Amino acid sequence: METNFNEDINTLVKRRLEELEELRKLNTEAYAYEFDVNAYSNDIKSTFQDGTEQNVRIAGRLMAVRRMGKASFAHIQDKQGKIQIYLRKDDIGQEYDVFKLMDIGDIIGVEGFVFKTKTGETSVHARSLKLLSKSIRPIPIAKEVVDEKGNKVIFDQFADKELRYRQRYVDLIVNPEVKDVFIKRSRITSALRSFLDKNGYLEVETPILQPMYGGAAAKPFMTHHNALDIPLFLRIADELYLKRLIVGGFDGVYEISKDFRNEGMDKTHNPEFTMMELYVAYKDYNWMMSFVEEMVAHVATTVFGTTEFEIEGKKINFKPPWNRVSMVEAIQDSTGINVLSASYDEVKSACRKYGAPLGGGESKGKLIDNLFEVTVQETLIQPTFLTDYPLEMSPLAKKHRTKEGLVERFEGFVLGREICNAFSELNDPIDQKNRFEDQVKMREAGDEEAHQIDEDFVRALEYGMPPTAGLGIGIDRLVMLLTNQPSIRDVILFPQMKPEK
């Protein structure tokens, strides 16, 4: 019973509820408890050989029906794809009357044998039919019509982006390619985890609710613990707890986790996002650059079979080695200004000149970051490590061993998007305490994202932390790139949305 999705939904729902009553009069259970599935659509189509006998039990959602009196053809969709089924009243008896009360969207189970139609389509000839779940609300089914000029015109396509994000369950039903993105996402995460495990690093878990947030420059979400009567924060990063574990004697730990930042939403930002953080003792940021190259190339070849991708019309190759560019030199090449030696006012003036955002109260480090975003970031197309940041921008990174005023830090960029951030980790407790105190002054001057003093973390460093390389990779952004998706909401199953009207 194919319908135009633009019809009055209430009328369609009412009709389906009436069908539900009719099904009950036929003593048909509309919401089954189980169905023993032993075959799937694509496997059947790829393995069946004409002339052989193959009995199957398949289940899926009705996506199309063509009724012809005492016989019907239909297509059902399962986890692999779609397959045609053929039903005859002479074969399934009263179950055919039940089938007459089924709609597009209903979930059914079919037991039968595989055959090929006269047109060569591999199908399942039903011997029995079972309704597994009655769909009360109609799903939108896109229809292709060829106009007088021979052009394909698509009607009733579920294409509204906001509606797709909000009703992801419908999006997955009617846009199968969306499901493939999230299958790829799962495989990317698995490949990342496998690579880290094979290198001997231990996966751990650290607190989501924290009495003091830290490890990044961001605003937190705040909540309250009733029993302890204290404020708590959703973590903005895992860094400070993972480094406590390095102090405790682990040589390499990582965590794949949800982090939360109370910030705006755009194509690369969602307030809830997935991060992988890794900390390895006795290594530095130079070692970590090589490790990241190897790891991303491994993920790409494991999941996609290649390091070469076409993303947003550009050919990108993740094969090592990646480009390496100094942040200070890149800004100077673009603007003529050496932000390291320039005064605060000179950097602020450059921000005005190049249209960098100025909200008031920014530290010099924040101004440099804003200037970089508008003058350099979009030019970093091929995988590139931006290295050696000004000290003001990185309160948790070690001072550069040879370059005054810089720290040993890099960020990875592809197509102008940051995908990772890494340091030679600061392990001097006195220097760390001083950096935290400088951050407090920045906060008092108006920088709301400046770091707080974490006294317990400083205490941990006072027990001694070995030289350590640390890394954070944004899983969502990495998936965006490897699956060629334009928005972070396209790779998060249930992205944050404005309240539904």
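How many bridges join strand β17 to β18? Six, and the two strands run antiparallel. Before I go on, the ground rules. This is a predicted model, where local features need pLDDT of at least 70, side-chain atom pairs count only at pLDDT 80 or more, and totals for chains, interfaces and linings use all residues. Residues are numbered from 1 along each chain as its sequence is written, and side-chain values use heavy atoms, with hydrogens and water left out.

Back to the strands. β17 covers residues 384–390, and β18 covers residues 406–414. Strands here are DSSP runs of E with at least two residues, helices are runs of H or I with at least four, and both are numbered from the N terminus. Two strands pair if DSSP finds at least two bridges between them. One example: L386 has E411 of β18 as its bridge partner.

Now the other neighbour. Six bridges also join β18 to β19, residues 417–424, again antiparallel. R409 has its bridge partner in β19, namely F423. The hairpin of β18 and β19 has two residues between the strands. There, L415 takes a positive phi near 55°.

So is β18 buried or exposed? Nine of its nine residues are buried, so the strand is largely enclosed by the rest of the structure. Buried means under 20% relative accessible area, exposed means over 50%, and partly exposed lies in between, with a 1.4 Å probe and protein chains only. Look at both faces. One side carries L406, E408, F410, G412 and V414. The other carries V407, R409, E411 and F413.

Next, S424, in strand β19. Its relative accessible area is 3%, so S424 is buried. Its side chain makes a polar contact of 2.8 Å with the side chain of E408. That term means a pair of N or O atoms within 3.5 Å; within protein, one must be able to donate a hydrogen and the other to accept it, and residues adjacent in sequence count only if both atoms are side-chain atoms. A polar atom of the S424 side chain also lies 2.9 Å from the backbone nitrogen of Y285.

Cysteines, briefly. C351 is buried at 0% relative accessible area. C420 is buried too, at 1%. The whole structure has zero disulfides, counted as pairs of cysteine sulfur atoms within 2.5 Å.
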